[in-house]
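Me: Hi! I have a structure open and would like to go through it with you bit by bit. Could you take my questions as they come?

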Amino acid sequence: MSFKSDIEIAQAATLEHIRDIAAKAGIAEQYIEQYGNYKAKIDYSYLTDHAATPDGKLVLVTAINPTPAGEGKTTTTVGLSDALRAIGKNSIVALREPSLGPVFGVKGGAAGGGHAQVVPMEDINLHFTGDFHAISAANNLLAAMLDNHIHQGNELGIDIRRIVWKRAVDMNDRQLRFITDGLGGKANGVPREDGFDITVASEVMAVLCLADDITDLKSRLGRMIVAYTYDDKPVTASDLKAHGAMAALLKDALKPNLVQTLEGTPAILHGGPFANIAHGCNSLTATRMALKLGDYAVTEAGFGADLGAEKFLDIKCRVSGLKPDAVVIVASIRALKHHGGVAKADLGTPDTGALDLGLPNLLRHVENITKVFGLPAVVAINRFPTDTPEEIALVEERCRALGVNVALSEVHSKGGLGGEALAKEVVRLCETESTLNYVYDLDLSIEDKLNAIVRRIYRGAGVSLTAAAKKQAEQLEALGFGKLPICVAKTQYSFSEDLNLRCAPEGFTITVRTLKVSAGAGFIVALAGDIMTLPGLPKIPSAEKIDVDSSGKISGLF
């Protein structure tokens, strides 16, 4: 039997016209701006015009800590939305847009997989509707205006040693992490140390994803801090008079994108902050639209539940007042065996012993969602052909002991039909009563909030702030930012800051080396361990496999 790649499956599909998808979603033509036949923007005025429409149920999909074995979170998210429609429910899926960095780096594509994909996948994975380019441009306009202000006399008294705003590029390019610019003499700027972040780590991305509307977007952009003066006063984008032009660049990027799944389920894709270095959720506007359009809005949070789900709940839900009605925690038996110490090459071999050793990773995430946050959850096992009945039974037994059911998901191979059991359990959970509990109180100090995350979610001994981070915490609290939520930037591969500590380590300390305020987004970013805000390419990047033929057909996007 021949095996079809994700892109071959996607290219063989017959897509519905985007006007028909909009009609299926219940979006009137006046709110749609077409980008060809299969993509469209949804005007954000839809939300104000439909403010009285009741919200549907919100379903959050999260996962265990990722491994090279694969978990299938986005695939499960897409397949679940298709499955809900297959059992007669009106569902909409809301996802992040892929970043070019991982597409050309490790992943090769990030639009789901197999028969559970959003399409047109080539467009979605590459330039799409230009949102990320607009975010990069807005970010770099601010950087240019900052350096121009200094070059033209520095009226604000900016200390060039305390510039905190970086340039942005949507590419994995380690060469740009630390640079020196402004060289070449007086006419070419003021020499200083500088650097780039990947676009998905830019505060502009976070602001776009948390803004209520264009007015709120402009206000948040204006509050962003770019530098400090010689007398320690923050300098903002509004001080540089940059926020209006930035908002103009982002006017269309603020509008969510409408596409479809392989089965014709309406899909809203918008925004794309990474969860390991940013807050990891699609835009608030996209989520709210999905809730107005569907009886069930299925969305995901990046990487494992220790990162994406924690930030979704402690930041996005706190800001918006949203609360998930059910949470899906995705795992694969292969990945759990990897957490149990099995090498990637041996994951197809049945091994309940290794599975038993790796299960604590899943169980800790389950306990965090159900006991710490207080939300109803189901475990979705992304099924592989090598999974044995004994291995599946062991996962079911351990989850049942925590009061959580397990549903097998075969959406990769079967599409929506392979997720009906999961869909039925999600519908059941959505009818149960629950109360969202946050991990920390905003009135706590910055250090105490970090300790709450480390101890309650990561299950470590606590946080250790470097001398520089302690000073930054004192300065941020003195400036009035102490009551903001925390966005921890750390490795996605472990509960700890050490990517090699798999499964469910305990007793470790999280070292925070830098604290910086994202005043526009409304949170404090804590950089832990050796996390980088601009990734590099691997030894063999996925870009080497991507090509286009003479007819314009793209290959190699997995």
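This is a predicted model: local features need pLDDT of at least 70, side-chain atom pairs count only at pLDDT 80 or more; totals for chains, interfaces and linings use all residues.

Me: Thanks. How many residues of helix 8 are buried?

Reply: Eight of its eight residues are buried, so helix 8 is described as mostly covered. Buried means under 20% relative accessible area, exposed means over 50%, and partly exposed is in between (1.4 Å probe, protein chains only). The buried residues of helix 8 are Glu 203, Val 204, Met 205, Ala 206, Val 207, Leu 208, Cys 209 and Leu 210.

Me: And what caps the N-terminal end of helix 8?

Reply: Ser 202 does, with a side-chain oxygen 3.0 Å from the backbone nitrogen of Val 204.

Me: How do helix 8 and helix 9 cross?

Reply: The axes of helix 8 (residues 203-210) and helix 9 (residues 214-223) come within 9 Å and cross at roughly 150°. That makes the pair roughly antiparallel. For the cut-offs, angles under 35 degrees count as roughly parallel, over 145 as roughly antiparallel, 65 to 115 as roughly perpendicular and the rest as oblique. Axes are lines fitted to C-alpha atoms, for helices over the stretch in contact, and angles run from 0 to 180 degrees between N-to-C directions.

Me: Which residues make that contact?

Reply: Helix 8 brings Val 204, Val 207, Leu 208 and Leu 210, and helix 9 brings Asp 216, Leu 217, Arg 220 and Leu 221. By class, the contact of helix 8 with helix 9 has six nonpolar, no polar and two charged residues. Here Ala, Val, Leu, Ile, Met, Phe, Trp, Tyr, Cys and Pro count as nonpolar, Asp, Glu, Lys and Arg as charged, and the others, Gly among them, as polar.

Me: New topic: how are helix 12 and helix 18 oriented?

Reply: They are oblique to each other. Their axes come within 11 Å and cross at roughly 120°. The contact is made by Asp 306, Leu 307 and Glu 310 of helix 12 and by Ile 453, Ile 457 and Tyr 458 of helix 18.

Me: Where does Tyr 440 lie, and is Tyr 440 buried or exposed?

Reply: Tyr 440 lies in the loop between helix 17 (420-430) and helix 18 (446-458), and Tyr 440 is buried, with a relative accessible area of 3%. Not counting residues up to four places away in sequence, Tyr 440 touches Glu 310, Asp 314, Arg 318, Lys 449, Ala 452, Ile 453, Pro 485 and Ile 486. Tyr 440 and Asp 314 are 126 residues apart along the chain, with 8.1 Å between their C-alpha atoms.

Me: Nice. What does the side chain of Ser 496 reach?

Reply: The side chain of Ser 496 reaches the backbone nitrogen of Asp 498 at 3.0 Å. A polar contact of 2.8 Å also joins the side chains of Ser 496 and Ser 494. A polar contact is a pair of N or O atoms within 3.5 Å; within protein, one must be able to donate a hydrogen and the other to accept it, and residues adjacent in sequence count only if both atoms are side-chain atoms. Ser 496 is found in the loop between strand 21 (486-489) and strand 22 (509-518), and counts as buried at 1% relative accessibility.

Me: Last one, on the backbone: which residues does a cis peptide bond join?

Reply: Val 119 and Pro 120, with omega about 5°. Pro 120 is in the loop between strand 6 (116-119) and helix 6 (121-125). On phi, Phe 303 has a positive value of about 55° although it is not a glycine, and Arg 459, also not a glycine, has a positive phi near 65°.

Methods:
Residues are numbered from 1 along each chain as its sequence is written. Side-chain values use heavy atoms; hydrogens and water are left out. Helices (H or I, at least four residues) and strands (E, at least two) are DSSP runs, numbered from the N terminus. Contact means heavy atoms within 4.5 Å.
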